[in-house]
Amino acid sequence: MSDSFDLDGVPVSFEPGDTLMAAAERAGHAIPHLCWHPALGQSGACRLCTVRVDGRLTSACTTRAGAGQVVECRSADLDARRRMLVQLMFVEGNHFCPGCEKSGDCRLQDAGYAFGVTGPGFEEFYPHRPVDASHPDIWLDLNRCILCKLCVRASREVDGKGVFAIGGHGVHTHVLVDSATGLLGDSELAASDLAAHICPVGAILPKRRGFAVPVGARPADAREAPPDPEPSHE
Amino acid sequence: VTVAEVLAEAGAARTQAVQVGGPSGVCLAAHEFGRRIAFDDVPTAGAFMVFDETRDMFEVARGFSHFFAHESCGFCTPCRVGTELVRRRFDKLAQGHGSPFDQAELQALEDLLHGTTHCGLGASATNPLRDTLVRFPQAYASRVSSPHFVPGFDLDAELASARRVTGRDDRGAHLDQHG
């Protein structure tokens with residue numbers, strides 16, 4: 001029998017070396033996340049998976065599971081932090097859901113609904129981020145980027161290319177493309193790469209695909225609408 | 001050794017506050033100068049900043065907020081965006097557009113950054129905010145100009161381009177600022 005930890009009152013068994021996230025997801029328990037992927041190394045960037053382990057706040061995707069740990073995940077105060085983190089991601093970029101092909105199948109949008117985001121909460125930064133349409137098959141629209149680094153890791157770890165990297169610091173942090181011109185069209189990215197499909201938001205999208213799945217039939221439409229959240233100061 | 005002893009050795013006079021351990025450290029007010037520089041009480045890596053009574057502790061905290069917004073590496077969401085929002089909120093208060101709403105927002109960001117950031121820089125980035133809010137509330141209160149929310153921009157000034165286009169500058173083309 002393998003060891004187990006307690007996730008919101010439910011025992012979750014784990015293998016040696018597992019993170020809390022890996023063990024929970026394998027067992028079919030959801031811990032909120034945007035930057036974690038089972039096939040890639042952990043990051044710890046989005047912080048949505050912040051849980052309380054034996055009374056201490058930490059990210060589930062970077063914390064090793066230990067026998068007997070008591071992990072608090074979906075408590076009201078932790079979800080309130082998650083709501084604020086999602087708001088921070090929204091105000092940082094330019095997220096216009098109605099005009100985005102990813103709408104209805106977007107992890108950021110899902111998180112917004114899941115944690116009761118009713119408005120930006122803070123002033124939008126409205127950064128200036130030009131769209132890169134140089135690649136024949138792939139759009140790169142960093143207006144929608146949440147800096148989860150999934151594309152960076154997918155390109156390096158699975159595609160074996162290193163097309164994407166992170167540059168800058170602080171609020172000027174941004175995704176870089178490895179090519180002489182800095183344009184995606186001059187990079188090694190192929191449409192079949194994992195990095196071209198892993199974006200949880202609409203920052204990296206295949207070209208010539210619009211409304212392939214009509215609004216009303218997208219993944220989010222199949223789920224029951226969440227209840228209206230309590231009105232807040234937003 | 002107590003903070004007061006360090007101040008006496010240094011010849012500091014009329015000291016209002018001491019920042020021990022750099023911007024991420026602890027800010028102490030005069031009534032706490034009996035505390036000891038020690039791992040168990042006031043830990044320090046050697047930094048010891050002294051602010052006398054002529055210094056505005058709000059401006060001190062605002063300076064630190066700029067420092068941390070610049071220092072954030074941008075890796076994790078709460079620090080990357082949170083330090084920038086704290087900086088902007090401090091600047092808004094400094095420009096005289098402050099309200100209790102802004103102060104509550106600073107407090108909410110403070111709560112978020114303690115615990116959700118990837119590393120210690122983010123976790124301690126709002127320490128100056130936290131410490132000065134508790135110890136020098138009057139420095140913040142003087143920045144709160146209205147009990148109601150005040151936008152961070154001048155609504156009437158934003159209409160300047162529309163006035164230019166229409167060639168108008170009469171009273172009707174301006175917002176009634178007291179209405």
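A salt bridge here is a side-chain nitrogen of Lys or Arg within 4 Å of a carboxyl oxygen of Asp or Glu. By that rule, two salt bridges cross the interface of chain A and chain B. Glu92(A) pairs up with Arg80(B) in a salt bridge, with the closest N and O atoms 2.5 Å apart.

This is a predicted model, where local features need pLDDT of at least 70, side-chain atom pairs count only at pLDDT 80 or more, and totals for chains, interfaces and linings use all residues. Residues are numbered from 1 along each chain as its sequence is written.

Now for the rest of the interface. Contact (heavy atoms within 4.5 Å) links 29 residues of chain A with 27 residues of chain B. Together the two chains bury about 2200 Å², 61% of it on carbon and sulfur atoms; buried area is the accessible area (1.4 Å probe) that two parts lose on being put together, summed over both. On chain A's side, Arg47(A), Leu88(A) and Phe125(A) lose the most area to chain B, together 22% of what that side buries.

Chain B also has an open sheet of three strands, ordered S2-S1-S3 with antiparallel pairing. Strands are DSSP runs of E, at least two residues, numbered from the N terminus, and two of them pair if DSSP finds at least two bridges between them. S2(B) and S3(B) are at the edges with a single partner strand each, so one side of each has no neighbour in the sheet.

| Strand of chain B | Residues |
|---|---|
| S1(B) | residues 15-20 |
| S2(B) | residues 26-29 |
| S3(B) | residues 48-52 |

Five bridges join S1(B) to S3(B), and Val20(B) has Phe48(B) as its bridge partner.

How values were computed: Chains are lettered from A and ligands numbered from 1 in the order in which they are written. Side-chain values use heavy atoms; hydrogens and water are left out. Helices (H or I, at least four residues) and strands (E, at least two) are DSSP runs, numbered from the N terminus.
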